[in-house]
Amino acid sequence: LADANRLSEILRGEGDARAPEIYASAYEKDPEFYAFYRSINAYKNAIGKDGDVLVLDPGNEFFRYLKDSSGGR
């Protein structure tokens, strides 16, 4: 069990180290998709938790991908 935990921490560290490189590569290939991906994660983190209240103007840029499926402005 100790060896498995050690290996999992090593692999997690290697993944964490590669993550910025992967994100940079994704951004270079398709900046619009990367913006969409980041927005989806922001929605997930900001909306849907019990007791949370989010008050924003409906025209706020935060809702860009929820308002227009093409991602247009």
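A salt bridge, as the word is used here, is a side-chain nitrogen of Lys or Arg within 4 Å of a carboxyl oxygen of Asp or Glu. Side chains of opposite charge can pair when their charged atoms come close. The structure above holds one salt bridge: R12 forms it with E9, and the closest N and O atoms are 3.7 Å apart.

Before going further, a word on how to read what follows. This is a predicted model, in which local features need pLDDT of at least 70 and side-chain atom pairs count only at pLDDT 80 or more, while totals for chains, interfaces and linings use all residues. Residues are numbered from 1 along each chain as its sequence is written, and side-chain values use heavy atoms, with hydrogens and water left out.

Now let us step back and look at the whole chain. The chain has three helices and zero strands, where helices (H or I, at least four residues) and strands (E, at least two) are DSSP runs numbered from the N terminus. With a radius of gyration of 18 Å, well over the 11 Å that the globule rule gives for 73 residues, the chain is more spread out than a compact globule. That radius is taken over C-alpha atoms, and the globule rule is 2.2 Å times the number of residues to the power 0.38. Along the principal axes, the C-alpha atoms of the chain fill a box of roughly 50 × 35 × 15 Å.

How much of the chain is buried? Buried residues make up 10% of the 73 residues; here buried means under 20% relative accessible area, exposed means over 50%, and partly exposed lies in between (1.4 Å probe, protein chains only). The accessible surface of the chain comes to about 6100 Å², and 56% of this surface belongs to carbon and sulfur atoms. Such areas come from the Shrake-Rupley method with a 1.4 Å probe, and for residues only the protein chains shown count as cover. As for contacts (heavy atoms within 4.5 Å), 17% of those between residues at least 6 apart in sequence join residues at least 24 apart.

R12 and E9 are three residues apart in helix α1, so about one helical turn separates them. R12 counts as partly exposed because its relative accessibility is 48%. Helix α1 also contains E14, which is partly exposed with a relative accessible area of 47%. From E14 to D57 there are 43 residues in sequence and 41 Å in space, C-alpha to C-alpha.

Next come the aromatic rings. A pair of aromatic rings is described by the distance of the centres and the angle of the planes. Rings of Phe, Tyr and Trp (its six-membered ring) pair if their centres lie within 6.5 Å; planes under 30 degrees apart count as stacked, over 60 as edge-to-face and the rest as tilted. By this rule there are three aromatic pairs. One of them joins Y23 and Y34, whose ring centres are 6.3 Å apart and whose planes stand at 55°, so the pair is tilted. Because Y23 lies in helix α1 (residues 2-29) and Y34 in helix α2, this pair ties together parts that are eleven residues apart in sequence. Y27 and Y34 form an edge-to-face pair, 5.8 Å centre to centre with 80° between the planes. Ring pairs link Y23, Y27 and Y34 into a cluster.

Together with F33, F36, Y37 and I40, Y23 forms a nonpolar patch with about 460 Å² of accessible area. Patches are made of residues with over 30% relative accessible area and no salt bridge: like charges are joined within 9 Å, and nonpolar side chains (Val, Leu, Ile, Met, Phe, Trp, Tyr) within 5 Å. Which helix gives the most to the nonpolar patch? Helix α2 (residues 31-46) does, with four residues. F33 has its place in helix α2 and counts as partly exposed at 47% relative accessibility.

Helix α2 holds A42 as well, a residue that is partly exposed at 28% relative accessibility. A42 and F62 are 20 residues apart in sequence and 8.6 Å apart in space, C-alpha to C-alpha.
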